[in-house]
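Please open the structure in the viewer and keep the sequence at hand.

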Amino acid sequence: MTPVDTSKMYSEIITLLDHSMDDIEAYVPPEVINKMCKKSLAVDTTATIHTKETRSDSKVEQGKKGTIHRHSAVKQGEEASAQHGNIIFVPEKICNLAVDFAINQISRDIENPEVLRIGISGRDAIRVTSQLKNLPQIRKMFDVVVQYKYVSRGNQLVELEEHSKIVSTTRLQKAHRRMIVDLEIRMEDHLLSWKLFCMNVGKVVRSSHIQGVAIDVVERCCGHLLAIVLMGRALKEVNDVSIWKHASHALCVCPTSQMKDSILFNALAFICEQLGSKTNCVKHCALNMDKEGMDKVHLIQRWIKDDLIGTVGEGEVIVEDLLNAFLLESSQNGVSVRMRDEIREELGNLFGPKLNPPVLNLGGKGLTMPPNDEAWEEAGEICLMNNELFELPDSPNCPQLRVLLLQANPFLTVIPHLFFEHMTSLQILDLSHTRIKFLPKSLFKLFKLRNFFLRGCELFMKVPPEVGELSNLEVLDFEGTEIISLPMDVGKLSKLMCLKLSFYGEDKDERKNNRSTTIIPHNVIGKLLQSEELSIDVNPDDERWNGTVKNIIKEVCSLKELKVLKLYLPEIVLLNDFMWNEIPFLSLSRFSFIVGGHLKRIISRLPCETTFEFKKQKRCLKYVNGEDIPVEIKEVLQHATALFLDRHLTLTKLSEFGIENMKKLEVCVLGECKEIQTLVDGAEINKQEDNARDVNEDTVLGSLQYLSIHYMKNLRSFWKGPVQKGCLSSLKSLALHTCPQLTTIFTLDLLENLNILEELVIENCPKISSLVTHELPAEEIQLCSIEHLPKLKKISLHYMHELVSISSGLCIAPKVEWMSFYGCPNLKTLSPMDVSSSNLKGIIGEVDWWNELTGNVQPENLDSIFVPVEGATELMNQLQKLVISFSTEAREKPSQHPVLDALFSFHECGKGKGTIEFGGAMHQFDLY
């Protein structure tokens with residue numbers, strides 16, 4: 001048994017266990033060989049591989065065509081691999097398997113003429129080359145094979161002759177760091193499957209009775225990391241050897257039909273067999289849950305209605321079990337759950353043959369024409385989302401169809417009049433993000449329809465009164481549409497649990513004739529007594545809402561089952577109507593209120609990422625064009641987890657809202673508050689506490705995780721005065737944009753609290769000369785060994801004309817992964833303290849700036865991770881190319897450029913738009 005350090009591996013796989021939809025996209029390969037080899041022109045911090053073909057007159061073993069040399073790079077002072085982190089013991093059989101994988105990988109790639117130097121790092125690297133040199137394939141390729149020992153000195157490379165290759169080995173992860181390589185093989189990568197399995201399955205794998213079978217299970221997963229996670233979760237705490245043997249056998253069963261992913265199919269078949277009666281709930285999710293997922297409460301109610309479970313409590317337990325099994329993933333901060341596409345597809349294959357009718361999954365295939373008539377007739381579920389369909393069949397005969405997903409077909413403008421005529425069993429329909437204007441009358445004969453989605457259809461304006469005939473509707477989602485008014489007939493939908501509406505209401509001449517005098521008729525909302533979620537989005541310019549909103553609030557207060565509420569309240573006093581009607585905010589699991597009169601903006605000045613971060617919180621308050629500090633706002637703020645303060649006219653400090661009212665705040669966005677000079681005045685807070693003679697047990701903004709500040713023309717300092725211990729101690733992301741008077745960001749006292757800050761973005765703050773302001777003498781700085789901002793991974797500094805130093809001599813960000821500089825002409829040096837991180841993956845900046853950095857302090861060997869940008873024009877061109885690539889590929893397969901992966905983030909903003917974030921700046925493009 002060999003000890004392996006898991007601390008380095010932990011950061012790579014921890015996101016696998018976090019139940020996020022996009023976290024493990026890069027870890028779902030069909031096999032280790034194809035997906036785990038790392039090819040790059042420059043070596044990262046873990047290991048490298050060097051390969052070149054050479055001839056030599058040294059002591060040789062005769063072959064046929066050329067020479068292959070093997071040497072071992074030796075470096076003094078290597079730390080023991082098990083020095084930090086948890087220890088996972090790797091059985092010898094797993095090590096042998098890793099060696100076989102590495103040999104197969106080299107055998108495949110060594111024939112590539114562009115691969116000249118191969119470097120192998122980690123345990124058993126020498127075993128790989130020892131077996132490699134005796135392979136018949138190698139003997140045929142090279143006339144001479146030489147094996148010798150070589151001691152690496154810095155970045156010195158062995159000189160190679162023409163038609164030669166070289167393979168270097170080392171046990172050290174960083175020994176190849178300074179060498180340029182063509183192919184890098186890290187033995188640790190080939191052990192990842194076993195370590196990941198052990199982390200998920202737990203201590204049971206240590207049993208001598210279990211371990212041998214556990215090895216077989218991992219081997220038969222063939223490096224499929226998603227299958228490994230699922231099997232590990234399924235076998236956790238299972239001590240019965242017979243179940244383990246059954247699991248091993250199940251993984252190598254040949255499916256009865258051709259599956260896209262037979263390994264995942266077999267793993268899911270075994271897991272469902274072990275779940276017993278819970279399998280019915282899994283089947284329900286696989287066949288009824290759409291791509292976007294479903295609210296947990298709605299899902300459990302569906303299970304109860306379909307007689308799959310008896311009580312809500314039973315459903316909550318099953319949901320938690322499926323989350324732990326990784327069959328479901330949490331989203332929307334735990335409010336909703338989703339199922340991964342690949343799991344859903346294979347479960348459809350698993351259950352499809354047992355059910356009549358089958359599932360037809362053609363999502364994301366780039367289709368321009370719909371399937372043939374026979375396919376429609378036989379299917380029980382048809383998935384045609386994310387295609388390029390521009391027409392549909394006139395009247396397909398599909399009496400068994402229960403689910404039809406047509407969302408994200410941007411060229412679909414018309415639905416034939418009789419299209420839904422023969423879909424009498426349809427229960428779920430999604431037409432979101434299409435360009436349809438009208439709904440055909442045949443749709444309103446779908447009397448079994450329960451979920452109807454029409455999100456993001458900007459051309460859809462009129463809701464026909466016939467919608468009231470859909471008496472079994474439970475979810476009606478028109479969010480992102482531009483409807484003019486709601487018909488009275490919606491009040492007939494007595495089973496409706498979720499209603500989301502977006503009203504256009506813009507006063508354009510060509511649409512005046514279409515406008516109703518009432519945006520929502522009286523008592524429509526009040527009749528929806530089963531409603532648990534209500535979202536009403538309106539144009540703030542629409543005067544009809546001002547005349548309707550008071551009655552709407554009264555009707556909302558009569559909905560006793562309501563748990564989620566989103567409303568625009570043009571006047572602050574309207575908040576009192578909730579309080580007078582005894583609707584406590586704590587009874588709402590989620591709310592989003594926009595309070596205050598404002599104008600609709602065609603283009604938001606805030607980046608999509610900031611808006612998205614705010615909207616995804618559970619309890620959101622956006623206060624617009626405010627004056628003073630209303631009591632009503634303070635009361636709502638006590639329950640809010642997110643605050644967006646937009647253009648407050650009189651506020652000078654955020655703390656004026658009362659620190660005691662912001663205890664639950666996790667996200668805070670401030671924009672265009674022209675009088676704010678500092679966020680918090682520590683001296684004022686201390687004085688208030690002294691006067692109250694009360695010890696404040698809650699730290700100032702102690703729950704805040706995300707802080708984004710924009711266009712604050714009088715902001716002088718981030719924090720003023722003394723800093724309490726623990727203030728801002730939960731902060732993970734800080735962004736400061738366009739604050740022309742800002743001079744102070746971090747003080748030493750504040751730095752001590754920011755131990756988990758991960759991302760720092762500062763742009764257009766021209767008076768900042770350094771991120772850290774202090775008065776320590778130089779000799780004291782040299783003696784200081786404290787590493788500040790220990791978790792910081794990303795630093796973005798753009799358009800900071802007076803910036804001359806990053807840290808003023810202090811050691812900050814010892815684990816930073818990337819740094820971005822643009823428009824910082826006075827930053828002439830990067831000190832060793834600035835770039836001391838061994839995790840550094842990329843530095844982006846202008847070519848001229850990089851070349852002019854002072855030579856004696858410019859860190860050596862960083863050229864390989866530098867990403868050059870020559871001016872704004874080239875930057876925008878690169879961003880436009882990247883957005884096209886990211887929008888189509890980033891979520892389907894990992895990028896081949898890890899530096900660009902770290903530097904650029906892609907965000908879908910809906911409505912056919914996408915943005916690329918370059919540091920903190922967002923650049924928007926059309927996706928179609």
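**First stop: strand β30**

Begin by selecting strand β30, both of whose faces are covered: Glu759, Val761 and Glu763 are buried on one side, and Leu760 and Ile762 on the other. Buried here means under 20% relative accessible area, exposed means over 50%, and partly exposed lies in between, computed with a 1.4 Å probe on protein chains only. The strand spans residues 759–763, and because five of its five residues are buried, β30 is largely enclosed by the rest of the structure. Strands (E, at least two residues) and helices (H or I, at least four) are DSSP runs, numbered from the N terminus.

Before moving on, note that this is a predicted model, in which local features need pLDDT of at least 70 and side-chain atom pairs count only at pLDDT 80 or more, while totals for chains, interfaces and linings use all residues. Residues are numbered from 1 along each chain as its sequence is written, and side-chain values use heavy atoms, with hydrogens and water left out.

Strand β28 (residues 733–737) is parallel to β30, with five bridges between them, and Ser733 has Glu759 as its bridge partner. Strand β33 (residues 794–798) also runs parallel to β30 and is joined to it by five bridges; there, Glu763 is partnered with His798.

**Second stop: the nonpolar cores**

Select Phe746 next. Beyond four places in sequence, Phe746 touches several residues, including Leu734, Leu760 and Leu789; contact means heavy atoms within 4.5 Å. Phe746, Leu404 and Phe452 have the most contacts inside the largest nonpolar core, which has 144 residues. Such a core is a set of buried Ala, Val, Leu, Ile, Met, Phe, Trp, Tyr and Cys residues joined through side-chain atoms within 4.5 Å. Helix α16 (residues 543–556) supplies the largest share of this core, five residues. Apart from it lies another core of 61 residues, among them Phe197, Leu251, Val282 and Leu328.

How many aromatic pairs does the structure hold? There are 12 aromatic pairs. Phe460 and Phe478 form one that is edge-to-face, at 5.7 Å centre to centre with 65 degrees between the planes. Rings of Phe, Tyr and Trp (its six-membered ring) pair if their centres lie within 6.5 Å; planes under 30 degrees apart count as stacked, over 60 as edge-to-face and the rest as tilted. Phe460 lies in the loop between β16 (451–453) and β17 (475–483), and Phe478 in strand β17, so the pair ties together parts that are 18 residues apart in sequence. Phe460 is buried at a relative accessible area of 0%, and Phe478 is buried at 1%.

Proceed to Phe614 and Phe644, whose ring centres are 5.6 Å apart and whose planes stand at 75 degrees, so this pair is also edge-to-face. Since Phe614 belongs to helix α18 (residues 608–615) and Phe644 to strand β23 (residues 642–646), the pair ties together parts that are 30 residues apart in sequence. Both Phe614 and Phe644 are buried. Select also Phe821, Trp849, Trp850 and Phe866, which ring pairs link into a cluster.

Select the open sheet of three strands, ordered β9-β11-β10 with antiparallel pairing. Strands β9 (294–295) and β10 (329–331) stand at the edges, each with a single partner strand, so one side of each is left without a neighbour in the sheet. Between β10 and β11 (residues 336–338) there are three bridges, and Ser330 stands opposite Val337 in β11.

Is His298 buried or exposed? His298 is buried, with a relative accessible area of 8%. Beyond four places in sequence, His298 is in contact with Val475, Met497, Cys498, Glu532 and Glu533.

**Last stop: model confidence**

Finally, colour the chain by pLDDT, the predictor's confidence in each residue, from 0 to 100. The chain has a mean pLDDT of 76, and 71% of its residues reach 70 or more. Over residues 878–928, pLDDT stays under 50.

Notes: Pairing = 2+ DSSP bridges.
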